[in-house]
Amino acid sequence: MNFKEQILTFQRVMVRELRRVRRQPRYVIILTLLATLIFTFFATMMHEGIPEKLPVAVVDLDGSYLSRRLCHELNATQSVEVVAIYNNHTEARKAMQRGEIFAFYEIPEGMYNDLLNFRSPHFGLYSNTAYLLAGMLSYKQLARLGMLAAGAVQREVLRKKGYDDNAIQGLIQPVNMTTHQIGNPWTSYRIYLMTTIVPVAVSFIVILLTVYLIGREVETKGVNRLMRHAHNNAVVALAGKLFPYWFWFSLLALIFNLIMFGPMHYPMNGSWLLMMANTMLLVFAAQCAGVMIAGCLPDAPFSMGVGGIYGALSFSLSGFSFPVEHMPRIFNGISLIYPARHYFLNYRDIAFFGNGLEHCWPSMCALIGFGVLWLIGAWRFQHNFDRGLLVPSSKTLEKKEKGGDE
Amino acid sequence: MNRIRMWLLDIWEVTTMEIRRVFSNKMTLLVFYVAPLLYPIIFGAIYSKEVVNDVPVAVIDEKPSTMTRRIIRKLDATPEIRVDYRCDNMREAEQLMRDHKIHAIYLIPRDFTQSVEHMETGHIELFCDMSTFLYYKSVATGASSVQVDELHTIEEERYAAAGITGETAEAMVKPVVYDDIRLFNPSGGFSSFFIQALLMVVIHQTLFFGIGILCGEANEDRKALHYIPKRLRNKSLHRVTFGRALCYMLLYIPVTGYVLWIVPHWFRLPQLGTVHDLVMFLLPFLLAVIFFAQTFGNFFVRQKTTIMLCCLCFSVVLFFLSGVVWPQSNMPRFWLAFSYIFPSTPGIQGFVHIASTGASLAEVRSEYMALWIQAAFYFVFSIYSLRYIRWHEKI
């Protein structure tokens, strides 16, 4: 078969696939809606970027003017809100166990007097780090306010001792640190999560869809017709069959990225062209992984289960939340068989650091390299087809026989 | 008496039939047993290091002095930060950052020592790589602890110079002492917080998909009635849902025990709750998931493979809906209400409270009640869903 014929075959298979989709568009629609739902979910749920007005409490054993003022100061901040004032520690702990508050201050008895007499009262600052984000944030805010309060006390005392304000500033804050967050100056959780989770979710959907589509051909006995259309060439058959989906889901992922980096103003310091290539290659690599799984495991339901088990780890092993470098050594290797990992590495290079191809070529090549999996999958598919192994799973046959008897 | 016996026998017949079905299906076995066996171990191993320590950092010390050297030494001594590179200028450090050799740049400007010596405020700049939040968290924690420490050292020196010494100076430096106590996850570890919720998602999802696959298999070619004993097909269908629920319950008791009891022991995850509370809490959870999955499966699943195709990716949404990462207090109303469709939300919340914070059943009452309500609600609906199938297949 020469090249021109192959193109014609490819076209023929593709047209057949498009007809099939038109006849039964259900799953493409559902999956498109699912991807859109995931996008909307993360976009709307974390619209604050970072949680604000987290519920905290104060255990006020002192009941002085100063402790009340501390509550007011806490309420004036953006990140926490005092939702309750308790009279003892146990009540506050129970509220924490019920999940009503994420942190609380315990102001000791006689705090005001101790303060005035230079006896350094001890404050308790309790936080619930079982909820890492909320717990740490409210802890940070409470601790910061504590520092400010301490500073206010120092200032008051020094003023009474006759220092002027400039000298006081130098005395109580000799070192100041400014933090610059490169690529996400708002420390927005939404930016951090969405930019990886949404494309990875699309890739996961594509893996499952690819496995499903190939399995479906086998289950409905359409595989003979498919191979006839493709002149018994599995590579062309699968390419023609999957190309429309690659196009559609790449488009979808591109639209999501376009919305994120465009109107939503997520940081994007590098080349748009590279980012687009990265996204399209992600979908391609996901399809390759799917072909590999479906090609090697001719039993359709079983391959679906394996595809699910493999794909579900994409999120963790992309390393966007917990860095892969800090996982046990073996996962450094395992993460490489996930398209999501390479996508994340590229995304980090392009969007955060504005790096060009000279930095991200290894991961780009890796994504292209997934094509090898495609070839292996197609080869196994061809092999199984030639041996006549691609028949509906035995269970369906048995069932049909049983059904026919009754 | 006889009627009750008959009723129990009917249920048992459905149960045994369903158990046989589960074990004759490769895909359900994969989902029911292989996935819950593998995932907890994988997740446990992935997050076993809990915290990200020794993050490589570059320091730019524009005008070295005793003080700046002391600060850098302190920085290197923190568990969070490792000073890997000393750079002469920003461009050099930036290049290192681009090459991912470092995750933060710590800049001590030229005028720092001079400012401090002149009793003014010295400024330090910290540039963080934000692509992975945990790096940022570690670097920020380490750097700010050094800052606070240095603050106190310099303050003491200055008070001494101003003639304030001894206890008074100490009280001036620290007018208030904060005892910060991190409850339930003292190291701020990632796995202690993440895996607990993940384990519940694993139970919820594997059970849901396993049942969904069975429903899909039954509904393929409209043969669902074959999987109901003949004499029960025209009776009230609650026996069938009950019998099936009993089957999944029996199959899942060992799985749940393994995932929520043995695995946390292996990985030393917090387990503060009592066994009694945990078991009492998990009972309505499993029931709610089972009836929810049956309802969903009977109404919507028509092929055995489609439930995984269409719903597996939803797991990530389910995880975030539970409110362990983004707190429930900050969720938009709509998503909060939406999250209570799924048993995973109260299930995860309650489990985290019991296991991580040592809450008793009294503290998780609202979640516990929510689960019972869900179980009852979905039980009724699962009967209707089966009726729908019966009606659907008879026409």
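Quick housekeeping, then. This is a predicted model, where local features need pLDDT of at least 70 and side-chain atom pairs count only at pLDDT 80 or more, while totals for chains, interfaces and linings use all residues. Residues are numbered from 1 along each chain as its sequence is written, chains are lettered from A and ligands numbered from 1 in the order in which they are written, and side-chain values use heavy atoms, with hydrogens and water left out.

Back to Asp54(B). This residue has a positive phi of about 55°, although it is not a glycine. Most residues other than glycine have a negative phi. Asp54(B) is partly exposed, with a relative accessible area of 36%; buried would be under 20%, exposed over 50%, and partly exposed is in between (1.4 Å probe, protein chains only). Over in chain A, His231(A) is not a glycine either, and has a positive phi of about 50°. You'll find His231(A) in the loop between α9 (223-229) and α10 (234-261) of chain A, and it is partly exposed at 48%.

Okay, domains, with bounds that come from an automatic or database domain assignment. Chain A splits into domain 1 (10-46 + 186-405) and domain 2 (54-172), and their C-alpha centres lie 51 Å apart. For chain B, the assignment gives domain 1 (2-48 + 189-394) and domain 2 (55-173). The C-alpha centres of those two chain B domains are separated by 51 Å.

So how do the chains meet? The contact (heavy atoms within 4.5 Å) takes 113 residues from chain B and 124 residues from chain A. About 11100 Å² is buried between them, with carbon and sulfur atoms giving 67% of that. Buried area means the accessible area (1.4 Å probe) that two parts lose on being put together, summed over both.

For a charge to sit over a ring, NZ of Lys or CZ of Arg must be within 6 Å of the ring centre and within 35 degrees of the ring normal. Within chain A, the charged end of Arg380(A) sits over the ring of Trp379(A), 5.1 Å from its centre.

Last topic: rings. The structure holds 53 aromatic pairs over all chains. Rings of Phe, Tyr and Trp (its six-membered ring) pair if their centres lie within 6.5 Å; planes under 30 degrees apart count as stacked, over 60 as edge-to-face and the rest as tilted. Take Phe208(B) and Phe292(B): their centres are 5.5 Å apart and their planes at 20°, so the pair is stacked. Phe208(B) lies in helix α8 (residues 190-219) and Phe292(B) in helix α10 (residues 275-300) of chain B, so the pair ties together parts 84 residues apart in sequence. Phe208(B) is buried at 6%, and Phe292(B) is buried at 7%.

Technical notes
Helix = DSSP H or I, 4+ residues; strand = E, 2+ residues; numbered from the N terminus.
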